[in-house]
Amino acid sequence: MTRRWTNDLTRDDVTPKGVWLNRRAVLAGLGAAGLATGLPASQAQAQALEPNTLEQITSYNNFYEFGWNKDDPAAHAGDMVISPWSITVDGLVDRPGSYSLAELLEGLSVEERIYRFRCVEAWSMVVPWNGVGLGDVLAKVGVQSGARFVAFETTVQPDVMPGVRNRIIPFPYVEGLRLDEAQHPLTMLATGIYGEPMPKQNGAPIRLVVPWKYGFKSIKSIVRITLTDSEPPTTWKRLNGREYGFYANVNPEVDHPRWSQGSERQIGGGLFARRQPTLMFNGYEEQVASLYEGMDLSVNY
Ligand code: MTE
């Protein structure tokens, strides 16, 4: 079942393949997520978001298993095997095991959430994801009391992944969240975009989406979810911990050592479009700032 909760549009309003019409101004996914977290809609920053086209979302990607250029994932991900797909759930959980995608999602309703997406490289998009709350999936498998973090791992298919054969980055790509971040209502496991199954270059068949963090946290094509009691290794921190931290919260006040994070280039905005200011926590400050109370975000970057 698909439940829409982001705005007043119906499924009929969604143009399936890349011809999203510009006349629509839709509410941010956080409008509804704000409701889910008990915030009045007016406080939930009901900012109009104009989603990028499917064409833009599926042709400008980072998926280093398939290469370093933005068009490599679209060019090479076609051969990635995504069926059958199983996800190992292990560590500090009551019901560990190997779950098929259907088993993991059974009983949960797929929702559309329109989120801002901000890459650490200072470009951004707006994406209409379909998926489920990660917290609901975690509740299904039963999180044990000692768990404090969630670790994620991407599939490795060297035969069809030229980037894996290059060995510049250690694969599998791994990521992690603190448990409270993972259980936050904005955090989702996405299985589609624009009501279509997740395109391979975007992380088919299931990926993480954490809209207030830089895009590299949103790990693609997940095959393992592990509940742990300590901070798990993450790919970019491992490669360059000075430039990429574990938290990676979008923060215009904390620059990347090599470039400003104060503004961003919107994909599809055109060559001469003005950069737009980057928002604290990517515009989700009201929903997530309390997770980081008392933390120095320039230290925990
Ligand atoms: N997940 C895996 N497995 N491999 C990757 O290279 N790139 C990350 C993230 N997830 C990446 C990944 C980065 S840097 C970004 S910005 C987003 O995916 C890009 O998601 P998109 O291509 O759907 O926009």
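Okay, let's start with a loop: V93 is found between β4, residues 86-91, and β5, residues 97-100. Before I go on, keep in mind that this is a predicted model. So, is V93 buried or exposed? V93 counts as buried, because its relative accessibility is 4% and the cut-off for buried is under 20%.

P84 has its place in the loop between α3, which is 72-76, and β4. What kind of peptide bond joins S83 and P84? That one is a cis peptide bond, with omega at about 0 degrees. There's another cis bond to look at, between A204 and P205, and there omega is about -5 degrees. P205 lies in the loop that runs between β11, residues 196-197, and β12, residues 207-209.

Where does the ligand sit? In the largest pocket. How many residues surround the ligand? The count is 17, and the closest are N61, Y64, E65, R207 and K220. If you sort that shell by type, you get eight nonpolar residues, six polar and three charged.

Let me go through some of the contacts. N61 uses its side chain: an N or O atom there is 2.8 Å from an oxygen atom of the ligand. Y64 does it with the backbone, where an N or O atom lies 2.7 Å from a ligand oxygen. And E65 has a polar side-chain atom 2.8 Å from a nitrogen atom of the ligand. How much of the ligand's accessible area does the protein cover? On its own the ligand has 530 Å² of accessible area, and the protein covers 98% of that.

Next, the backbone angles. S221 has its place in the loop between β12 and β13, with β13 being 222-228. Phi of S221 is near 45 degrees, so we have a positive value in a residue other than glycine, and S221 is buried, with a relative accessible area of 0%.

F281 is another one of these. Its phi is near 50 degrees, again positive and again not a glycine. You'll find F281 in the loop between β15, which is 276-277, and α9, which is 285-288. Why does F281 count as buried? Because its relative accessible area is 3%, and buried means under 20%.

While we're in that loop between β15 and α9, have a look at N282, which is found there too. N282 is buried, at 2% relative accessible area. What separates the C-alpha atoms of N282 and V250? The answer is 5.5 Å, for two residues that are 32 apart along the chain.

Last stop, T155. T155 has its place in the loop between β8, residues 149-154, and α6, residues 162-166. T155 is buried, with a relative accessible area of 9%. Which residue does the T155 side chain contact? It makes a polar contact with the side chain of Q157, at 3.2 Å.

That's my tour.

Terms used:
Residues are numbered from 1 along each chain as its sequence is written. This is a predicted model: local features need pLDDT of at least 70, side-chain atom pairs count only at pLDDT 80 or more; totals for chains, interfaces and linings use all residues. Side-chain values use heavy atoms; hydrogens and water are left out. A residue is near a molecule or strand if one of its heavy atoms lies within 4 Å of it. A polar contact is a pair of N or O atoms within 3.5 Å; within protein, one must be able to donate a hydrogen and the other to accept it, and residues adjacent in sequence count only if both atoms are side-chain atoms. Accessible areas come from the Shrake-Rupley method with a 1.4 Å probe; for residues, only the protein chains shown count as cover. On a 1 Å grid over the protein atoms alone, a cavity is a set of points where a 1.4 Å probe fits but cannot get out, and a pocket is an open set with protein on both sides within 12 Å along at least five of seven lines; lining residues have an atom within 4 Å of a point. A molecule sits in a cavity or pocket if more than half of its atoms lie within 2 Å of its grid points. Ala, Val, Leu, Ile, Met, Phe, Trp, Tyr, Cys and Pro count as nonpolar, Asp, Glu, Lys and Arg as charged, and the others, Gly among them, as polar. Helices (H or I, at least four residues) and strands (E, at least two) are DSSP runs, numbered from the N terminus. Buried means under 20% relative accessible area, exposed over 50%, partly exposed in between (1.4 Å probe, protein chains only).
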